[in-house]
Amino acid sequence: MQKKDQTTQELFSLITEASTIQGIKETLKLCMDSLKNNTLNTLLTQDTDYQAALLECRQAHQLYQNTDFTESQRETIDTLLARKDECEFEHITNAYIAGLLDSYRILKNFGLTLE
């Protein structure tokens, strides 16, 4: 029994390290992103406001591609767009996780969980 307690303590110590917690968060975010993709894509396909905005975005991107920027200007714009995409990925993934947590809280408040 003492070996089991020691193993449990070692595992707990390992998973509560800051680097491990960050790793778990990153893995969870990737899993949540994968899970939400099907649901989100279905919703976005049916959302006419989103589809209109997407069309405008594609037209703006085409204009960007056809504009004669200097190499430095294009690099600055590309960096800006890449950082914006990274921020949006993190925001969307966290929003999805928040939605799951809020959904659970709502179910719990109505006594619909198995706790």
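Leaving aside its neighbours within four places in sequence, which residues is T93 in contact with?

## A buried threonine

T93 is in contact with K29, M32 and D33, once its neighbours within four places in sequence are left aside. Contact here means heavy atoms within 4.5 Å. T93 is found in helix α4. Helices are DSSP runs of H or I with at least four residues, strands are runs of E with at least two, and both are numbered from the N terminus.

T93 counts as buried because its relative accessibility is 1%. The scale works like this: buried means under 20% relative accessible area, exposed means over 50%, and partly exposed falls in between, using a 1.4 Å probe and protein chains only. Although T93 and K29 are 64 residues apart along the chain, their C-alpha atoms are separated by 6.1 Å.

## About the model

This is a predicted model, where local features need pLDDT of at least 70 and side-chain atom pairs count only at pLDDT 80 or more, while totals for chains, interfaces and linings use all residues. Residues are numbered from 1 along each chain as its sequence is written, and side-chain values use heavy atoms, leaving out hydrogens and water.

## The largest pocket

Now for some open space. The largest pocket has a volume of about 750 Å³. On a 1 Å grid over the protein atoms alone, a pocket is an open set of points with protein on both sides within 12 Å along at least five of seven lines, whereas a cavity is a set where a 1.4 Å probe fits but cannot get out. Grid points are joined across faces, edges and corners, and the volume is the space filled by probe spheres set on the points.

The pocket is lined by 20 residues, with Y50, C57, K84, D85 and E88 lying nearest its centre; a lining residue has an atom within 4 Å of a point. The elements that each give two or more residues to this lining are α2 (18-46), α3 (48-66) and α4 (71-109). Helix α4 gives the most, with eight residues. By class, the lining has twelve nonpolar, three polar and five charged residues. Here Ala, Val, Leu, Ile, Met, Phe, Trp, Tyr, Cys and Pro count as nonpolar, Asp, Glu, Lys and Arg as charged, and the others, Gly among them, as polar.

## Two cysteines without a bond

A disulfide is a covalent bond between the sulfur atoms of two cysteines. The cut-off used is a pair of cysteine sulfur atoms within 2.5 Å, and the structure holds zero disulfides. C57 counts as partly exposed at 48% relative accessibility, and C87 counts as exposed at 55%.

Q73 sits in helix α4 and is partly exposed, with a relative accessible area of 39%. A polar atom of its side chain lies 2.9 Å from the backbone nitrogen of T70.

E115 lies in the segment after α4 and is exposed, with a relative accessible area of 64%. Leaving aside its neighbours within four places in sequence, E115 is in contact with Y104 and K108. The C-alpha atoms of E115 and Y104, eleven residues apart along the chain, are separated by 12 Å.

How values were computed:
A polar contact is a pair of N or O atoms within 3.5 Å; within protein, one must be able to donate a hydrogen and the other to accept it, and residues adjacent in sequence count only if both atoms are side-chain atoms.
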